[in-house]
Amino acid sequence: ASKLPNKVLTPVTTVTFAEKGGKTLLVLHELYPSKDALEASGFADGMRETFEQLDELLVSLGASVGPS
């Protein structure tokens, strides 16, 4: 991955929570200024880990997780 200045790597993030069939649907959009910025960010690995941790927390609180 190329070395890009930090300000170039900053994505625009939108998170939406909506009720769907009695469950909460979380939709996350990340908009990067370029493919290089996306690749340099490590987004895929970071988001995978973040959502795995969120799933674990929700299960510990008694919620169901995963696609409906």
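Which side chain meets Asp45 in a salt bridge? That would be Arg48, with 2.8 Å from N to O. Keep in mind that we're looking at a predicted model here.

**The charged pairs**

Let's stay with Arg48 and Asp45 for a moment. Both sit in helix α3, which covers residues 43-60. They are 3 residues apart, or about one turn of the helix. Arg48, at 47%, counts as partly exposed.

In total, the structure holds 2 salt bridges. The other pair to look at is Lys35 and Glu39, whose side chains meet at 3.8 Å, again N to O. These two belong to helix α2, residues 35-41. They are separated by about one helical turn because they lie 4 residues apart there. Lys35 is exposed at 60% relative accessibility, while Glu39 is partly exposed at 47%.

Here are the two pairs side by side:

| Pair | N to O distance |
|---|---|
| Arg48 and Asp45 | 2.8 Å |
| Lys35 and Glu39 | 3.8 Å |

Why would such side chains get together? Side chains of opposite charge can pair when their charged atoms come close.

**A nonpolar patch**

Phe51, Leu54, Leu57, Leu58, Val59, Leu61 and Val65 make a nonpolar surface patch of about 560 Å². One of its members, Val59, lies in helix α3, the helix that also holds Arg48 and Asp45. Val59 is partly exposed, with a relative accessible area of 48%.

How values were computed: Residues numbered from 1 in each chain as written. Predicted model: local features only at pLDDT ≥ 70, side-chain atom pairs only at ≥ 80, totals over all residues. Heavy atoms only, no water. Salt bridge = Lys/Arg side-chain N within 4 Å of Asp/Glu carboxyl O. Buried < 20%, exposed > 50% of the residue type's maximum accessible area, 1.4 Å probe, protein only. Patch = residues over 30% accessible without salt bridge, like charges linked within 9 Å, V, L, I, M, F, W, Y side chains within 5 Å. Areas by Shrake-Rupley, 256 points an atom, 1.4 Å probe, with all protein chains shown as cover.
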